[in-house]
Amino acid sequence: MTDAYITITKAPGKWVVRAAGAVIGESSSALTLQEGKYPEVVYFPREDIEMAFLDSTDKSTHCPHKGDASYFTIAAKSGPLENTAWSYEAPREDVARIKDHLAFSTGEKVTVEQV
């Protein structure tokens, strides 16, 4: 079921994530995850993110299709952006490509865009 419900592809081109205006990651190896009718989510390889700006939190959620997500707060000059990044440390086997990748909740202070 998950194969039809979730598709993961290489995101075309170069992608950047900004937190409070500062670039905290840039990648030409990002992945795009499409889950059902939800908007696509770009997952960045962990090695392409400035992890010094991310602090692990106690928050976790469970997705029946992907597994358990752990969350990170981004330390920005304007203040912490709580639980705005997440990662599946041990994703389900059929979505294993997102292991060691991070995704971001976008909004006013966090943006993900193709450059």
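How exposed is Asp100? Select Asp100 to find out: this residue is partly exposed, with a relative accessible area of 40%. Keep in mind that the model is predicted.

The side chains of Asp100 and Lys99 meet in a salt bridge, 3.9 Å from N to O. Lys99 is partly exposed as well, at 39% relative accessible area.

Next, select Asp94 and Arg92. Their side chains form a salt bridge of 3.5 Å, N to O. Asp94 has 34% relative accessibility, and Arg92 has a relative accessible area of 37%.

Move to Glu26 and Lys14. Here the N to O distance of the salt bridge is 3.2 Å. Glu26 sits in strand β3 and Lys14 in the loop between β1 and β2, so the pair ties together parts twelve residues apart in sequence. The structure holds six salt bridges in total.

Switch to a cartoon view for the sheet. Seven strands make an open, antiparallel sheet in the order β1-β4-β5-β9-β8-β7-β6. β1 and β6 stand at the edges with a single partner strand each, so one side of each has no neighbour in the sheet. Neighbouring strands are turned by 35° against each other on average, direction ignored.

Zoom in on β7 and β8. Six bridges join these antiparallel strands. Look for Ala76, which stands opposite Gly79 in β8.

Finish at the largest pocket, with about 250 Å³ of space. Select Glu35, Val41, Tyr43, Lys66 and Trp86: of the 14 lining residues, these are the closest to the pocket's centre. β4, β5, β6 and β7 each give two or more residues to the lining. The lining comprises ten nonpolar residues, one polar and three charged.

How values were computed
Residues numbered from 1 in each chain as written. Predicted model: local features only at pLDDT ≥ 70, side-chain atom pairs only at ≥ 80, totals over all residues. Heavy atoms only, no water. 1 Å grid on protein atoms, 1.4 Å probe; cavity = no way out; pocket = protein on both sides within 12 Å on 5 of 7 lines; lining within 4 Å. Points joined across faces, edges and corners; volume = space filled by probe spheres on them. Helix = DSSP H or I, 4+ residues; strand = E, 2+ residues; numbered from the N terminus. Nonpolar A, V, L, I, M, F, W, Y, C, P; charged D, E, K, R; others polar. Pairing = 2+ DSSP bridges. Axes fitted to C-alpha atoms, helices over the stretch in contact; angles between N-to-C directions. Salt bridge = Lys/Arg side-chain N within 4 Å of Asp/Glu carboxyl O. Buried < 20%, exposed > 50% of the residue type's maximum accessible area, 1.4 Å probe, protein only.
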